[in-house]
Amino acid sequence: MDGTDSNVTSIDVDEFKNCELHTNLPDQIDANYSQKTDPEDTLITLHSGLDMSPDSTMETVSSPVSPVEEPINFTKRTSSLKTDENSNLYKKQHSSEKKSGWGSLFTNSFLKSSKIGMQQQSDSEAEEGEDDDEFSEESYKRRSAKNRKSVLDMNMLLQKQEHLLVELDNASHKLTLEALERENHKLSMNPKTILAEAGAYRTATETLHAITEGSVLPQSNDDIEFWNSIMNDYSSILHKIPQLLHTKVRAGIPTELRPKIWMIMCDAQPERMKLLYPNLVKEDSPFDRIIKRDLPRTFPKIEMFKDVNGEGQKQLYNILKAYSIYDSEVGYCQGLSFVVGPLLMQKVSEIDTFSILVRLMEESEQKFNSNPNKPNGKQFRPYALRSLFTPQMVGLHLMLFQHTALVKKLLPELYQHFNAHNINPTMYASQWFLTIFAYNFPFPLVFRIFDIIFSEGAILTILKFSISLLKKNLQNLLEKLEFEDILNFLKGDILFLSYNGDHEKAVKDAMSLDSVINEEVLSKLKREFEDEHSSAELSGMRNLVAQLRSDSVKMLSTLNELNNRNIKLEKEHQNFLIFKKSITIEMDQLRETLRLERIETENLKQENVKLQKELSEIRKLEYKKKFDGKVNGKEVGFYSENEIGDLGDSFVGRL
Amino acid sequence: MGVIQQIKLLIIGESGAGKSSILLRFIDDSFSHSFITTIGIDFKIKTVEIDGKLIKLQIWDTAGQERFRNITNAYYRGAMGIFIVYDVTDRKSFESLNEWKRNVEKLSTKDVTVILIGNKCDMESDRKISIEEGRAKANEFNCNFFETSSKNNIGIEEAFLTMAKDIYYRTKASEEDAIQLKKENVITLSNEKSTKTSGCC
């Protein structure tokens, strides 16, 4: 791809000339062009004698001997071999594009066009057209300087490339042409094949780099334009030239542009956040305690986050706290700080990091369509990392399921090996997934993974890397026969050591899994997971129902038993009541009897007293009679009346 | 002399109680202020010697945050011994002990050995939980109790060795199928519990 990219400068230089001559371009572009005087002037000199009609310029572009394209056109194979047919095709497309205006050149070009080189051309034209608002004089000064230098190198390059050209005889021309035709066909059938060719182009570029021995090539210049165009109209690039976008992003976003490009690629909404964020930061979070606890435990060895009162920890705290309030279901989950950290390390501002985090987490398509400036909403897919961090962590379990299924399918030997040693991905991959590899792996690679996540999606990219790392270390892993040796190997950064710090290779390996790990494969696995999940849920429910049934049967029998016992008790109770009643009656009777007897006793007592009285009376009378008889005899006058009573009593007593 | 037995242990407790620090002290005999949060589950290996026999301890360290339980719960069943850790300077970590214990009862095997650990006992001025309170909790749980400090290396070796011995004798006894031995074992264990409770500071 780089090879074709390198065409651009030569071609757009031509185009600029073209523009000047055929003033059917927007004024803006002219203004642009006139700013960039130096290199063009020089180039025009180099071009002296060219026919300036559009068509002939075209031919010049595609001509193998054009001096202009030579300094930059490393892939001589591509552009130099265009036959009349191709250039006619190009002419046709190009002229139609011209008619439809400068802006549409860009948007119409890539998928339609079958020639990579030509695509590059119109791409860069569009970039030229769209950059100027955003990219100031400074950028052009930079460009000019570079161009000037490249022009100086041109003569040298010319010679070297002419030498290369000699090597391409007619036969090879023909062969390559056929190859190109095949590529064209493939491209028209499936635009993704362009990616496969990227490697070949890269090799060509590298060869030329080696030949030119470090001379300043306009490549970086071209790159700047590409990134500029992303900043100006990402949605068009994503729609029209996703392959080129992926290739560029996979090669790595320049560090100094990362904060801005990341923001744009994920469609973060800084304006909305400017209103929202300051308020969120002020609020109290129920997760405050655990967030604070985790601050010193997030990248404790990284300078930026070391200091307890340092800026790094402060920013981490603010962002995590704000997010825990913004998304109260997720709140704070351990692992999130490791997702936020790398963004801050790449000098994304605090509020922008928050905006990006919100995007990375969001699941709903709707939220992504909320930007009215985007022509059609569906272009930004949700990254949907949120479900990894919710209290049930369903997303994490899904990813672990997908990972396992991919290991089984793509690395069956390793799958067996893991099974034999009871290694399960929860043990090693949860950390990878929840921290986007930042927990274990070198940061430069983590940043590259982030680049790709933003342009291609989070889950997909993370899974590709997870499989790729296992694949790279397959032999190492298979050789280890102890559970702890395997797991220790998987948990450290040792997995990455096999790359000897070669991040390019690590990225390339992961991306080579495009055909076996893609959205379709993941969707299929997701459905399987959901089926399994719901069938597990169903069987769980069935078990529960069975359990409840048996419980209710048991309870019924207990109930019956209790009922029976109750009836029995009821009877006993009745009997008791009857018994009680009879006893009461009996007692009443006894009480009555007692009462009557008491009365009788009382009566008897009274009668007794009465009888005693009567008796005493009788005795008195008897005594009196006796006494009267003595008085009438000789004993009268010895006892008084009282004495007689007493005598009577003593008499009774003796009785 | 080869390893004759492998013992699986699990460390649980509130986030920030110092589980990973305890493990690092036991494994490496070191301490670090710059500790990284445990995500999900981690594990370490150490071989110890009991009665001249080598025993390999496979120790699983867990993330403390509640939502990680749906990952860590799977590790209770295989564990022969479980350390429940709290931070003596943090009452909340102490208050959550009952819940951790319930989790153990629910998920682990019946004969699992549990040891309660009150960590950070070097931080006397910040102490919120007295040693008596910790001991009472251990009695309630019917388990051994240690106060430890990873920083000052207090009680950690003892805690791990007590755990290892307990499990070693228990499994050995059941293996030899000697009821008598089992009884003796119970006696030693209960002795240990009363005598070996370790304090510090």
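Reply: Happy to. A salt bridge here is a side-chain nitrogen of Lys or Arg within 4 Å of a carboxyl oxygen of Asp or Glu. This is a predicted model, where local features need pLDDT of at least 70, side-chain atom pairs count only at pLDDT 80 or more, and totals for chains, interfaces and linings use all residues. Residues are numbered from 1 along each chain as its sequence is written, chains are lettered from A and ligands numbered from 1 in the order in which they are written, and side-chain values use heavy atoms, leaving out hydrogens and water.

Me: How many salt bridges does the structure hold over all chains?
Reply: Side chains of opposite charge can pair when their charged atoms come close. Over all chains, the count of salt bridges comes to 38.

Me: Is Lys101(B) buried or exposed?
Reply: Lys101(B) meets Glu105(B) in a salt bridge, 2.8 Å from N to O. Both belong to helix H4 (residues 97-107) of chain B, four residues apart. Buried means under 20% relative accessible area, exposed over 50%, and partly exposed in between (1.4 Å probe, protein chains only). Glu105(B), at 53%, is exposed, whereas Lys101(B), at 12%, is buried.

Me: At what angle do H16(A) and H21(A) pack?
Reply: H21(A) is a helix covering residues 350-361, and its axis lies 10 Å from that of H16(A). Axes are lines fitted to C-alpha atoms, for helices over the stretch in contact, with angles from 0 to 180 degrees between N-to-C directions. H16(A) is roughly perpendicular to H21(A), because 65 to 115 degrees counts as that. The angle is about 105°.

Me: Which residues does Asp509(A) touch, not counting those up to four places away in sequence?
Reply: Asp509(A) is found in helix H32 (residues 503-511) of chain A. With 18% relative accessibility, Asp509(A) counts as buried. Taking contact as heavy atoms within 4.5 Å, Asp509(A) touches Ser468(A), Lys472(A) and Tyr499(A).

Technical notes. Helix = DSSP H or I, 4+ residues; strand = E, 2+ residues; numbered from the N terminus. Parallel < 35°, antiparallel > 145°, perpendicular 65-115°, else oblique.
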